[in-house]
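This report describes the strand arrangement, the side-chain pairings and the surroundings of selected residues in the structure shown below.

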Amino acid sequence: MSDKPSVLFVCVHNAGRSQMAAGWLRHLAGDTVEVRSAGSEPADQINPAAVAAMREVGIDITDQTPAKLTWDAAQASDVIVTMGCGDACPVFPGKRYEDWKLNDPAGLGVDAVRPIRDEIEQRVRALLDDLAVPAH
């Protein structure tokens with residue numbers, strides 16, 4: 001890994017879980033980690049309940065847009081974290097993978113998204129510890 005590790009979060013729609021994870025990582029690591037997120041079948045917009053749940057903890061993800069997973073983004077990442085995309089997430093040889101089993105927030109209200117948001121925060125903090133990157 002380079003001096004600045006890079007992490008790619010991938011889920012199917014890149015509208016909920018991966019966007020919340022990227023938001024947490026940007027918030028906790030600042031510019032010490034390069035953060036990417038993408039989806040195998042990106043949605044048109046970020047899940048409004050995910051936006052609301054993140055806003056409650058002071059993290060604004062409204063400037064993010066669901067993006068298509070590309071070979072270049074995966075190739076440029078040290079760690080690839082998949083979230084429920086199964087076979088839709090291609091495997092790139094030589095990359096470190098983590099598969100986070102998380103409930104899909106699609107179609108859920110903010111009350112149901114909060115526990116997912118909180119679990120993602122704990123997993124992002126553990127990832128930072130593992131990468132030896134201090135959380136801010």
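Which residue in β2 is the bridge partner of Cys 11? It is Gly 39, and the sections below place this pairing in the wider architecture of what is a predicted model.

## The sheet

The four strands are arranged as an open sheet in the order β2-β1-β3-β4, and their pairing is parallel. The edges are taken by β2 (34-39) and β4 (96-99), each of which has a single partner strand, so that one side of each is left without a neighbour in the sheet. From one strand to the next the twist averages 20°.

Strand β1, spanning residues 6-11, pairs with strand β3, residues 79-82, in the parallel sense over four bridges, and within this pairing Val 10 has Thr 82 in β3 as its bridge partner.

## Helix α1 and the β-α-β unit

Helix α1, made up of residues 17-29, packs on the sheet and touches β1 and β2, with its direction making about 160° with that of β1. Taken in the order β1, α1 and β2, these elements make a right-handed β-α-β unit.

Leaving aside neighbours within four places in sequence, Ser 18 is in contact with Phe 9, Val 10, Cys 11, Ser 37, Ala 38 and Met 83. The C-alpha atoms of Ser 18 and Leu 8, which are ten residues apart along the chain, are separated by 8.6 Å.

## The loop between α1 and β2

Val 33 is found in the loop between α1 and β2, and with 4% relative accessibility it counts as buried. When neighbours within four places in sequence are left aside, the residues in contact with Val 33 are Lys 4, Pro 5, Val 7, Leu 25, Leu 128 and Val 133. Between the C-alpha atoms of Val 33 and Leu 131, residues that stand 98 places apart along the chain, the separation is 9.5 Å.

## The aromatic pair

The count of aromatic pairs comes to one. This pair is formed by Phe 9 and Trp 100 and is tilted, with 5.8 Å centre to centre and 55° between the planes. Phe 9 lies in strand β1, whereas Trp 100 lies in the loop between β4 and α4 (110-130), so the pair ties together parts that are 91 residues apart in sequence. Both Phe 9 and Trp 100 are buried.

## Salt bridges

The count of salt bridges comes to eleven. One of them joins Arg 114 to Glu 56, with the closest N and O atoms 2.7 Å apart. Because Arg 114 lies in helix α4 and Glu 56 in helix α2 (residues 48-56), this pair ties together parts that are 58 residues apart in sequence. Arg 114 is partly exposed, with a relative accessible area of 27%, and Glu 56, at 43% relative accessibility, also counts as partly exposed.

Another salt bridge links Arg 96 with Glu 98, the closest N and O atoms being 2.5 Å apart; Arg 96 counts as partly exposed at 26% relative accessibility, as does Glu 98 at 21%. Asp 99 forms a salt bridge with Lys 101, for which the closest N and O atoms are likewise 2.5 Å apart. In this pair Asp 99 is partly exposed, with a relative accessible area of 42%, while Lys 101 is exposed, with a relative accessible area of 64%. Salt bridges that share partners also join Glu 56, Asp 111, Arg 114, Arg 117 and Asp 118 into one network.

Terms used. Residues are numbered from 1 along each chain as its sequence is written. This is a predicted model: local features need pLDDT of at least 70, side-chain atom pairs count only at pLDDT 80 or more; totals for chains, interfaces and linings use all residues. Side-chain values use heavy atoms; hydrogens and water are left out. Two strands pair if DSSP finds at least two bridges between them. Helices (H or I, at least four residues) and strands (E, at least two) are DSSP runs, numbered from the N terminus. Axes are lines fitted to C-alpha atoms, for helices over the stretch in contact, and angles run from 0 to 180 degrees between N-to-C directions. Contact means heavy atoms within 4.5 Å. A crossover is right-handed if, with the strands pointing away from the viewer, the path from the first strand over the helix to the second runs clockwise. Rings of Phe, Tyr and Trp (its six-membered ring) pair if their centres lie within 6.5 Å; planes under 30 degrees apart count as stacked, over 60 as edge-to-face and the rest as tilted. Buried means under 20% relative accessible area, exposed over 50%, partly exposed in between (1.4 Å probe, protein chains only). A salt bridge is a side-chain nitrogen of Lys or Arg within 4 Å of a carboxyl oxygen of Asp or Glu.
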